[in-house]
Amino acid sequence: MAESAAELAGRIFISYRRGETAYPAGWLFDRLVQHFGAVQIFKDVDSIELGDDFVEVITRAVGSCDVLLALIGDQWLTVTDLNGRRRIDDPDDFVRLEIQAALTRNVRIIPILVDGARMPRAEELPAGLAGLARRQALELSPNRFEYDTNRLLKVLDATLAEVRTAHDDAISQSAVTQALQSTAQNDRPLADPTRDAAAESGPTKNLSPFHRSRSLLLMIGGGILTAVAAVYLIIQIVPNEPASKENNGAQSLASNEFKEEGPWRLVVHNDGSASNGCTITLVNRDTNESWSNGYPVYETSSFLIAQAGTFRWSIDSGCTVLSRPGPGNLTLPAVVDGVGTSDAFKAPEMITVRVKDFHGNSRCELELRDVATGTVVDIGELNKQKDSVTLQTQGRPQVYLVNDACAVQVSPG
């Protein structure tokens, strides 16, 4: 039986090199099938039949997906063909075709760095793949496979929920359009052409059913727009202030669109009136990737953002948003408190994170991330039985700490 459009919404394509990441791709495929169902996952190109145009088949398959997972191993960029040429430079290379099709069709791409692989730089990639270098990656390690895949599932759940919502909205809009067109086709002229002209000039009294419907829709739409405008007017915006020593060059975001060079810092402040905390949604218009703080902000929190781009944001009323250029410069030892991330700090070989205050939580999850790419380099957990943890920096020059809830002391060694 043919699949419905609703069933097709939210498909995931796994791109990988068989000789390098076949086993991780298989593990990941099994985990995704368990969570989403087999019909939603595309893995490999084994379905291409003899005589098929594989470029066309790949382009169509990627175009029907909403997310492409690009598995990148340590030889992904350098593996060569029989002639000694990099496979990624071959216009007919399957992996290149898959990713290029996804970039062209604006499919969301999540690079998956397998077992310590690094993210390729734009200048190392063919021109058609340079956009891949701007995508934020997830590291996948056999030592923490369950944790890494659970993080990926959270991102995919949120992404595919947005896709289905947009799909449902499109269907609803189409139904409304068809209904209006049907009503317009069934309109009939007024029976009495000599109807009083004054009566004809009334606002809606003597309009045809189609025009009454359209007027009603316009009034409803106007009410919705008014409500949306009111919400944005309620949002508190910090007045523009010149950069100073006190605010470290912070710029208040008086518009809900701005541009930043990565890495940079996002600051969210709750003035006390947002009783449910402040949650910001940030969308990179250059890549269509979205980000939101996982836990509401009840006072002030800072978040380091590795990506550059033009961003749009929305936030609850009673909250203010500022941006600070650069990743900051934290000197260890230091205390990192609450929801958010630390500023960047020079990475020793390892750091020790010790809890100072659980803030009423039973445990706190920690992530150590690379400043340049935003990728996770190590993870840890603090709980009532384990009040300190050592995290490895994996040779990164600069890192920052993601701390979901606790107040912690961060020290070298």
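Reply: A disulfide is here a pair of cysteine sulfur atoms within 2.5 Å. This is a predicted model, in which local features need pLDDT of at least 70 and side-chain atom pairs count only at pLDDT 80 or more, while totals for chains, interfaces and linings use all residues. Residues are numbered from 1 along each chain as its sequence is written, and side-chain values use heavy atoms, with hydrogens and water left out.

Me: Why is the pair of cysteine 278 and cysteine 319 called a disulfide?

Reply: Their sulfur atoms are 2.0 Å apart, and the limit is 2.5 Å, so the pair qualifies as a disulfide.

Me: What makes the disulfide of cysteine 278 and cysteine 319 left-handed or right-handed?

Reply: The torsion about its S-S bond is about -90°, and therefore the disulfide is left-handed.

Me: How do you know that cysteine 364 and cysteine 406 are joined?

Reply: The S to S distance is 1.5 Å, which is again within 2.5 Å; with 75° about the S-S bond, this link is right-handed. By this rule the count comes to two disulfides, and the pattern is 1-2, 3-4, with bonded cysteines counted along the chain.

Me: Why is cysteine 65 called buried?

Reply: Buried means under 20% relative accessible area, whereas exposed means over 50% and partly exposed lies in between, with a 1.4 Å probe and protein chains only. Cysteine 65 has a relative accessible area of 5%, so it is buried.
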